[in-house]
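I opened the model to see how its chains are built and how they meet. These are my notes, in the order in which I looked things up.

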Protein chains: 2
Amino acid sequence: MTTISDVARHAGVAPSTVSYVLSGKRAISSTTRQRVLASIRTLGYHPHAGARALASNRSNVIALVLPLRAGMHVPVLMQFAVSVVTTARQFDHDVLLMTSDEGPGGLRRIAASSLVDGLILMDVELHDPRVPLLRTLERPSVLIGFPAEPAGLTCVDLDFYRAGRACVEHLAGLGHRELALLGAPAAVYERGTGFARRTMAGFLDTARSLGMRAKAGPCEEGATAVHQRVIELFAESPAITGVVVHNEAVVEYLLAALRLVGRRVPDDVSVIAICPDEVAERAMPALTSVLIPAEEVGTQAVRLLMRKLDEQRVPDSSLLPPRLTVRSSTAPQDHR
Amino acid sequence: MTTISDVARHAGVAPSTVSYVLSGKRAISSTTRQRVLASIRTLGYHPHAGARALASNRSNVIALVLPLRAGMHVPVLMQFAVSVVTTARQFDHDVLLMTSDEGPGGLRRIAASSLVDGLILMDVELHDPRVPLLRTLERPSVLIGFPAEPAGLTCVDLDFYRAGRACVEHLAGLGHRELALLGAPAAVYERGTGFARRTMAGFLDTARSLGMRAKAGPCEEGATAVHQRVIELFAESPAITGVVVHNEAVVEYLLAALRLVGRRVPDDVSVIAICPDEVAERAMPALTSVLIPAEEVGTQAVRLLMRKLDEQRVPDSSLLPPRLTVRSSTAPQDHR
DNA sequence: CGAATTCGTCGAAGCGCTTCGAACGTCTGG
DNA sequence: CCAGACGTTCGAAGCGCTTCGACGAATTCG
């Protein structure tokens, strides 16, 4: 294994000089810098990560803590993870993958052992047991999602409240008067997951303030459950002409169910999905949708964490604005 | 931060003694061990990962290299990643997440910097550019999937050849005589991905040896593409009574398409899917399936890597046997 | 033109841990 | 009763890197 001393010897300089060339923390004359860099290249030198972490008190690794529960849509999780890794690399950091199932002890271990410089936690719940622990940790962290008591933490998320509102406003603009929201499975709401509730709140508040009739509720996954739910819905409220669905796994089934009960999309019923673009595009008809900007959230989370590692101040909460893309599943409602 | 010397002082022993208590590499009397462990607990000591890596030449971290291409089913990827993380933890290792898109340089960097002790690469292709590099690396590695020239490497995978065979044998046993295989999108075959081809080979070889008529081909994703393909298929070979589908993303559409062309499952056509159990169970009707044992593959990959890290010899290739679960989508074929 | 700066580089002291050889008692067998 | 063996613990030498103070040479200024 080549060490920094090997490089120094090869270039005819002191090890510290090589170090400064690499870190740029002191000025090095252009000529020696070139010489050192050449030696590094010909020897194929890579600094020893452990030694570097020991001496500098920085590992250049961040932890990504994924939840492993029902109700999370896996492809979105993955998209997110990938964007975290990619962005972290741009900041010369690597990503350690953790799952929540090791519990708080795992977080403490990782943080206390200086294995990572900071943490990114996904899918934070309103009353997440990891949050109090995070406060005791001396490492900076960024949360995806909002706990009940976010003071002093850094949180990023899509602004789901505004997402709910955007859907209603779009439908209102098209002349719809009676709406329904199909949300995540009941378990997700019961767990107190913030994003599901906030969407619903945005949806209901906006509908109320616009004087529309609206009902919202959870929706279990699976073809039959959705079918059932749709039948109920139209039995109770036959006048519904706008449906918002906030559950990717259910989108296809919803469309099938609407077909089965004889409601055409968008002629009879307009549908908006809150989901990744690919899901919306693949559907028949292509769905008007508010996308969950997984990549953007991941990128943003890493940026914030890097700023914190540099001891810069960052905003407590970053809400990414929703983006509504109009496709073929929404149409004006004419009031005959 | 508490160091090993703090613990030693607190327990009234030498730092080396604490180290030996932790590693178990030398006998320590039970009384001092207890005393040291107590000090560790009360001080909340966690060894510094970097220092440990530097001194011991072992980081206790392994790299998981995920591919980021089209044609991979993401939930399976995730399932796999989770099982790798969980198993690695059982061996007291953590997992560094990498994506292939940093290219071979990324692998070299990670390996040469002693950031990781070993690597697990997913979704290896027949002519994977990472494979030759791997041979030059001094770190052990395990591959998921098989390259064209696997000599000297350690590879794990489902035995897709036997999976293809199992499907045909099951259908043959039910009296079917004419079969079709819907595979992955054409791009996957063109890339030379081993698993897709091996399934097809197992399928065709077995059908031939049993004297059955069989055709196999790629299948694009998306409702319309699948619909199209199904219409073609039955136009060319109206006598087909058994369909094997090796593409999770297509399963639902296939069932819909069969419905549309008026073939009932399993009365008219028996269907077997090669997919995760959840996909098979959720379908209507529940599908007879050969599952891709993502968890098992992940666990096995980590086990093998750990053995290699211990300098033990391991088999060059581990093929996990397919498991066919009979559900409601296959039925006997009566020859009227 | 000497003193004060600045620039570029060096040397050495750690960072916290593992590990090797050695030391010290205690035990055993001849 | 002593040599040798054994069980248990200690001390010190690194592992490869960063960083701080210092030093000579080149530059600037009064």
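Before anything else I noted that two strands count as paired if DSSP finds at least two bridges between them. Helices (H or I, at least four residues) and strands (E, at least two) are DSSP runs, numbered from the N terminus.

I also wrote down that this is a predicted model, in which local features need pLDDT of at least 70, side-chain atom pairs count only at pLDDT 80 or more, and totals for chains, interfaces and linings use all residues. Residues are numbered from 1 along each chain as its sequence is written, and chains are lettered from A and ligands numbered from 1 in the order in which they are written.

**Entry 1: where the chains meet**

I looked first at a pairing between chains. S2(A) and strand S2 (residues 94–99) of chain B run antiparallel and are joined by 3 bridges. I found A:Val95 opposite B:Leu97 in S2(B).

Next I looked up the contacts (C-beta atoms, placed from the backbone, within 7 Å). On this count 37 residues of chain A touch 37 residues of chain B. On the chain A side, H4, helix H5 (74–90), strand S2 (94–99) and helix H6 (104–112) each supply at least two residues. H5(A) gives the most to that side, with 9 residues.

I then sorted residues by class: Ala, Val, Leu, Ile, Met, Phe, Trp, Tyr, Cys and Pro count as nonpolar, Asp, Glu, Lys and Arg as charged, and the others, Gly among them, as polar. The side of chain A that touches chain B has 22 nonpolar, 9 polar and 6 charged residues.

I found 29 residues around DNA strand D, and A:Ile4, A:Ser16, A:Ser19, A:Ala55 and B:Ser16 come nearest. The largest share, 6 residues, comes from H2(A).

DNA strand C is also surrounded by 29 residues, the closest being A:Ser16, A:Thr32, B:Ile4, B:Ser16 and B:Ala55. Which helix gives the largest share of the surface near DNA strand C? I found that H2(B) does, with 6 residues. By class, this surface has 16 nonpolar, 10 polar and 3 charged residues.

**Entry 2: a sheet in chain B**

I traced an open sheet of 6 strands in chain B, in the order S7-S6-S8-S9-S10-S12, with mixed pairing. Strand S7 (213–217) and strand S12 (324–325) of chain B are at the edges with a single partner strand each, so one side of each has no neighbour in the sheet.

Strand S9 (residues 270–274) and strand S10 (residues 288–290) of chain B pair in the parallel sense over 3 bridges. B:Ala273 has B:Ser289 as its bridge partner in S10(B).

**Entry 3: chain A as a whole**

I counted 14 helices and 12 strands in chain A. Its radius of gyration is 25 Å, well over the 20 Å that the globule rule gives for 336 residues, so chain A is more spread out than a compact globule. The radius is taken over C-alpha atoms, and the rule is 2.2 Å times the number of residues to the power 0.38. The C-alpha atoms of chain A fill a box of roughly 90 × 40 × 35 Å along the principal axes.

Conventions:
Near = placed C-beta within 6 Å. Contact = placed C-beta atoms within 7 Å.
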